[in-house]
Amino acid sequence: MGSSHSTNKKAERVVTPQKESLTLPAGTRFGHYEILGALGAGGMGEVYRARDTRLGRELAIKILSSKLSNSKLDVKRFEREAGSASALNHPNIVTIFELGQVDRTTYIAMELVEGDILRELLRVGPIPLQTVIRIATQIADGLAKAHVAGVVHRDMKPENVMVSRDGLVKILDFGLAKLVSPNADTDTNALLDLETVSSSESNPGAVLGTLPYMSPEQASGLPLDFRSDQFSFGSLLYEMVTGKRAFPQQGVAQILAAILRDQPEAAAS
């Protein structure tokens with residue numbers, strides 16, 4: 001998402017890829033898609049602007065990194081991203097068109113969103129209150145849809161929210177999402193990493209999510225439900241209003257301790 005991205009590009013424009021690192025140069029035929037250009041790269045792979053040669057429409061293609069293709073866990077997470085989002089039909093959740101494979105490369109085809117990720121909007125400081133309200137309302141609507149369906153996102157952060165040029169908000173990247181019963185305890189999986197947690201979901205008690213947007217339950221490796229997403233959403237809202245992270249501490253241990261014990265500085269002080 002990003003400069004035009006659908007689920008991850010400019011939205012995953014979090015990391016701007018270097019030309020030499022890209023797998024698919026412009027003009028490449030990838031199955032029935034034609035690659036038009038790179039949108040960005042992230043931990044799971046790369047996102048491209050592409051044209052569906054059968055339907056004649058432009059969309060975003062996210063491909064799983066070749067380095068992760070041999071990992072059953074990473075492939076599962078990639079497939080979960082497509083499955084979780086595709087099951088949620090809502091204007092504020094990125095639309096998934098297809099999960100497929102070309103040769104040995106797994107990919108997700110999704111809608112192309114012209115705009116910027118929330119992280120880009122935050123780089124200049126606090127967002128005007130009226131804009132915050134418009135963005136926050138749409139994020140809340142999208143999350144509510146997911147939660148009613150029993151899907152907990154588990155990785156709400158500025159990099160996973162896209163704002164289109166006309167102000168439409170899209171929630172991206174359901175790679176860490178968990179399907180839970182509305183009346184049952186959620187999972188005890190977790191995993192930890194200063195940026196995004198990445199693996200060992202078979203390891204109960206680990207920590208899954210992204211610092212510093214984790215809920216206390218995530219930080220403790222406890223079972224999660226929709227309230228965890230609400231806490232992370234609160235952190236996003238705080239950052240949009242103040243221009244500062246709710247938990248600005250540095251270092252994994254310090255951030256985890258702050259999430260578990262501290263209250264964010266008052267927004268209006």
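Trainee: In what order do the strands of the open sheet run?
Mentor: Keep in mind that this is a predicted model. The order is S1-S2-S3-S4-S6-S5, 6 strands with antiparallel pairing.

Trainee: Which strands stand at the edges?
Mentor: Strand S1 (29-30) and S5. Each has a single partner strand, so one side of each is left without a neighbour in the sheet.

Trainee: And how many bridges do S3 and S4 pair over?
Mentor: Strand S3 (residues 45-52) pairs with S4 over 8 bridges, in the antiparallel sense. Tyr48 stands opposite Ile61 in S4.

Trainee: What packs on the sheet?
Mentor: H1 does, touching S4, S5 and S6, and its direction makes about 150° with that of S4.

Trainee: OK, how many residues does H1 have?
Mentor: Helix H1 (residues 72-86) has 15, and spans 21 Å from first C-alpha to last, close to the 21 Å expected at 1.5 Å a residue.

Trainee: Which of the H1 residues are buried?
Mentor: Asp74, Val75, Arg77, Phe78, Arg80, Glu81, Ala82, Ser84 and Ala85. Their cover includes strand S4 (57-64), strand S5 (96-102), strand S6 (105-110) and strand S8 (151-152).

Trainee: Switching topic: at roughly what angle do H3 and H5 cross?
Mentor: Roughly 170°, with the axes of helix H3 (residues 129-148) and helix H5 (residues 226-242) coming within 11 Å. That makes H3 roughly antiparallel to H5, because angles over 145 degrees count that way.

Trainee: What kinds of residues make that contact?
Mentor: 11 nonpolar, 1 polar and 1 charged. Among them, Ile135, Ile139 and Leu143 are on the H3 side, and Phe233 and Leu237 on the H5 side.

Definitions and conventions
Residues are numbered from 1 along each chain as its sequence is written. This is a predicted model: local features need pLDDT of at least 70, side-chain atom pairs count only at pLDDT 80 or more; totals for chains, interfaces and linings use all residues. Side-chain values use heavy atoms; hydrogens and water are left out. Axes are lines fitted to C-alpha atoms, for helices over the stretch in contact, and angles run from 0 to 180 degrees between N-to-C directions. Helices (H or I, at least four residues) and strands (E, at least two) are DSSP runs, numbered from the N terminus. Angles under 35 degrees count as roughly parallel, over 145 as roughly antiparallel, 65 to 115 as roughly perpendicular and the rest as oblique. Contact means heavy atoms within 4.5 Å. Ala, Val, Leu, Ile, Met, Phe, Trp, Tyr, Cys and Pro count as nonpolar, Asp, Glu, Lys and Arg as charged, and the others, Gly among them, as polar. The expected span of a helix is 1.5 Å times one less than its number of residues. Buried means under 20% relative accessible area, exposed over 50%, partly exposed in between (1.4 Å probe, protein chains only). Two strands pair if DSSP finds at least two bridges between them.
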